[in-house]
Amino acid sequence: MNRPPAGNDTIAAIATAPGAGGVGIVRLSGPRALEIARVLAGREALPRRALRAVFADAAGEPIDDGIVLAFPGPHSFTGEDVAELQAHGSPVLLRRLVERCCELGARPARPGEFSERAFLNGKLDLVQAEAIADLIAAADLRAARAARRSLEGVFSRRIESVAATLLRLRIHVEAAIDFVDEPIETLGIGQVRADLARLGDDLRILLAEAERGRRLRDGLHAVLLGPPNAGKSSLLNALAGDARAIVADIAGTTRDVLRETVRIDGLELELSDTAGLREGGDAIEREGMRRAHAELQRADVALLVLDARDPQAGRAALEQASAGVPARLWILNKADLADAAARPAAADEVRVSALTGAGLDALHAVLRNLASGGAPEAAEGEFSARTRQVEGLRATLDHAMAAAAELSAERMELAAEELRLAHQALGRITGQTSADELLGHIFSSFCIGK
Ligand code: GDP
């Protein structure tokens, strides 16, 4: 594996969340971690055994008392010598402990530096390291479980299996180029093409699963759109229901676009209640329209709200406005006022009443289905993914398909080059072939102490 060596200095940071708590943990990693812990505690901790100790300053004055844990490398999280000091969860004391560690030869860790060292020492690949941050930030149990599976290597192993096939195909294509006149044992080109087609199928399945994993992490972005008074705000409130407690207002909320993040049954929905789309209007209305269009640009699904009493009114305008959105769902609201028998709902329609709550369960079910990409709830083996990883898989698939086209045209050199690019794009996902600036970008978004 082509990775730069990990740092040879010792880092220290508070690993527990900021603020006061029952217990706080200071973590050390690097060649002097165990020695610093020994000086602080006045005694040597046995590997992986809790040692009760008083942490003292240079004058022997106690800072706090607590527990020391020693994890000698390479059997530690970072692969280096690691020590953990568990103390009382006072931010003042914990900061003093880090300071004391630095007096003894450590330096403060940068955000994500522990995970970065674990990656650089080959303890984790990049997908697993990113899964740690996603696990910590997971908004619900389903997202947390998915992140855990990525951390355990479920996603990484799938990528490695594709990489192994790609490598095998590359070898055969390169051999066919180099030994064109020699009767050596290579797969026939027909076989390589068949294997490549199968690889394309595998990649498409993996891509769809990664897309679902990304949506689990990022949430489904739904925009609520409809003519004034159709009941969009009422619907948003009804959908939020008990989730209100965790509804977060996003900075930048204006009276034109009210944005709230609502979690329903473990799925994150961003609902944008946009002002009715009208042509013309004054400067403020035009700004409202511009925002509504911007919301639609990044939407995964448009929830188009109409009045069930007159479901044609405003329909054409909504159809036009939501033309580019990947999925659309018509919601006929105010069903309590309409005569249901007069017009049964079509396949892509849900009849609801924000007022009485009728039909909301069915709407939840449809939204859940959209968010999970049609997969059964909490699918077995579900893993978390990031946009970066999804894009990497897409690039891999594009190059693999380009390679198949070159093979069909018997342009072997070009096919070999496309296979190389596919392999490289795949390697970037797990960090086997990653540029330094990419690594810096990823780890700097982590919390300190992780
Ligand atoms: P918006 O402009 O689309 O956000 O619409 P509002 O949510 O402000 O609702 C407009 C009016 O319709 C309000 O007076 C609501 O109380 C009423 N309304 C909304 N949903 C329903 C419903 O399902 N049934 C009935 N009867 N009234 C509703």
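Where is the place of Glu-410? Glu-410 sits in the loop between helix 12 (387–408) and helix 13 (412–430). Helices here are DSSP runs of H or I with at least four residues, strands are E runs of at least two, and both are numbered from the N terminus.

This is a predicted model, in which local features need pLDDT of at least 70, side-chain atom pairs count only at pLDDT 80 or more, and totals for chains, interfaces and linings use all residues. Residues are numbered from 1 along each chain as its sequence is written, and side-chain values use heavy atoms, with hydrogens and water left out.

**Backbone**

Most residues other than glycine have a negative phi, and most peptide bonds are trans. Glu-410 has a positive phi near 55°. Glu-410 is exposed, with a relative accessible area of 65%. Exposed means over 50% relative accessible area, with a 1.4 Å probe and protein chains only. Lys-334 also has a positive phi, about 65°. Lys-334 lies in the loop between strand 12 (327–333) and strand 13 (349–351). Gly-73 and Pro-74 are joined by a cis peptide bond, with omega about 0°. Pro-74 belongs to the loop between strand 4 (62–71) and strand 5 (82–89).

**The ligand**

There are 15 residues around the ligand. A residue counts as near if one of its heavy atoms lies within 4 Å. Asn-229, Lys-232, Ser-233, Ser-234 and Asp-336 come nearest. Helix 8 (residues 232–240) gives the most to this shell, with three residues. By class, the shell has six nonpolar, six polar and three charged residues. Ala, Val, Leu, Ile, Met, Phe, Trp, Tyr, Cys and Pro count as nonpolar, Asp, Glu, Lys and Arg as charged, and the others, Gly among them, as polar.

The table lists polar contacts, which are pairs of N or O atoms within 3.5 Å.

| Residue and part | Ligand atom | Distance |
|---|---|---|
| Gly-231, backbone | oxygen | 2.9 Å |
| Lys-232, side chain | oxygen | 2.8 Å |
| Asn-333, side chain | nitrogen | 3.1 Å |

Taken alone, the ligand exposes 580 Å², and the protein buries 70% of that. These areas come from the Shrake-Rupley method with a 1.4 Å probe.

**A pocket**

The second largest pocket has a volume of about 190 Å³. A pocket is an open set of points on a 1 Å grid over the protein atoms alone, where a 1.4 Å probe fits, with protein on both sides within 12 Å along at least five of seven lines; lining residues have an atom within 4 Å of a point. The volume is the space filled by probe spheres set on the points, which are joined across faces, edges and corners. Helix 2 (residues 91–103) gives the most to the lining, with three residues.

Notes: Polar contact = N/O pair within 3.5 Å; in protein donor to acceptor, adjacent residues only side chain to side chain. Buried < 20%, exposed > 50% of the residue type's maximum accessible area, 1.4 Å probe, protein only.
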